[in-house]
Amino acid sequence: MPGPARPPLLLGVSLKMYFGHHQTLNWARKIATLAAEHPAVTSGEARLFVLPAFPTLIPAAGILAPYGIALGAQDIATEDTGPYTGEVGGPLLKEIGCRYAEVGHAERRRLYGEGDTVVAAKTAAALRSGLTPVLCVGERDRGTPQEAAERTVAEAARLLTGLDGTVVLAYEPQWAIGAPEPASAEHIAAVCTALRNWLDSRPRHAGSQVIYGGSAGPGLIGRLGGTADGLFLGRFAHDPENVRAVLDEIRAPAGAAVA
Ligand SMILES: O=C[C@H](O)COP(=O)(O)O
């Protein structure tokens, strides 16, 4: 049987701190059932990853991993082990089956004071432990697509200085997180294309992907014209039917043009 014509699109979900323990596991069971039957997943056109809260990682892995859904943490310590109360280190995350560790999310920057130094150290920690960093980048205020592209490429370059390895760059314009609508397709396409071009000039990051997050949901992926390697879903993934709708669009893109 011929394989998929293009590399799989990456569909990530961060549950942030929205769900309780049982709610997370019930949601995971629905996503596992969906992955088991949806042709976008079974054909290899889409790959899923989920970032639930730390205490749910092990039971969620038991539910999701058999269906090829990767797990990851929403944060990672800058250090691997030692006297760092409340932190969770990369070696432990790797040991329990995580593939990804999210770093640099705008909420951690805004609410917990994380700056570039910490984000770069967490990115290095993830790579050191064999985890793929889901490195969030994106401008704080709404501007032109060109300004956003320049700023975001500069941010990625700054954070990855001196680091080697495959990463997922999650382009998340901060003004589009928690909003009613995502950024425009034109805006997303301009920034994701610039990030892709930058990555392509950096062999040390071979295999890296660029995904878009920020009020992403059904109706978006088909409008990006292949400029993003996938989506990073937040609130709109709480209803598994929305995840199904995005997978439906991956399976049968509604249109290739950027709106
Ligand atoms: O991690 C996901 C992003 O921050 C997007 O969240 P949101 O879709 O709820 O805006």
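Two strands count as paired if DSSP finds at least two bridges between them. Helices (H or I, at least four residues) and strands (E, at least two) are DSSP runs, numbered from the N terminus. With that settled, strand β1, residues 9-14, pairs with strand β8, residues 230-233, in the parallel sense over four bridges. Within that pairing, Leu10 stands opposite Gly230 of β8.

Before I go on, what you see is a predicted model, where local features need pLDDT of at least 70, side-chain atom pairs count only at pLDDT 80 or more, and totals for chains, interfaces and linings use all residues. Residues are numbered from 1 along each chain as its sequence is written.

Now the whole sheet. Eight strands form a closed barrel, in the order β1-β2-β3-β4-β5-β6-β7-β8, and their pairing is parallel. From one strand to the next, the twist averages 25 degrees. Angles here run from 0 to 180 degrees between N-to-C directions, and axes are lines fitted to C-alpha atoms, for helices over the stretch in contact.

Next, the helices. Helix α7, residues 145-159, lies across β5 (132-137) and β6 (168-171), and runs at about 140 degrees to β5. What does α7 meet in helix α8? Residues of α7, including Pro145, Thr152 and Ala157, meet residues of α8, among them Glu186, His187 and Trp198. Contact means that the C-beta atoms of two residues, placed from the backbone, lie within 7 Å. That contact of α7 with α8 divides into eleven nonpolar, three polar and one charged residue. For these classes, Ala, Val, Leu, Ile, Met, Phe, Trp, Tyr, Cys and Pro count as nonpolar, Asp, Glu, Lys and Arg as charged, and the others, Gly among them, as polar. The axes of α7 and α8 (residues 185-200) come within 9 Å and cross at roughly 35 degrees.

On to the ligand. Which residues come nearest to the ligand? Of the 13 around it, they are Ser14, Gly213, Ser215, Gly234 and Arg235. A residue counts as near if its C-beta atom, placed from the backbone, lies within 6 Å. The shell around the ligand has five nonpolar, six polar and two charged residues.

Last, confidence. The protein has a mean pLDDT of 95, and 95% of its residues reach 70 or more; pLDDT is the predictor's confidence in each residue, from 0 to 100. Over residues 255-259 the pLDDT is below 50, and this stretch has 14 contacts in the model beyond near neighbours in sequence. The model scores ipTM 0.98 and pTM 0.95.
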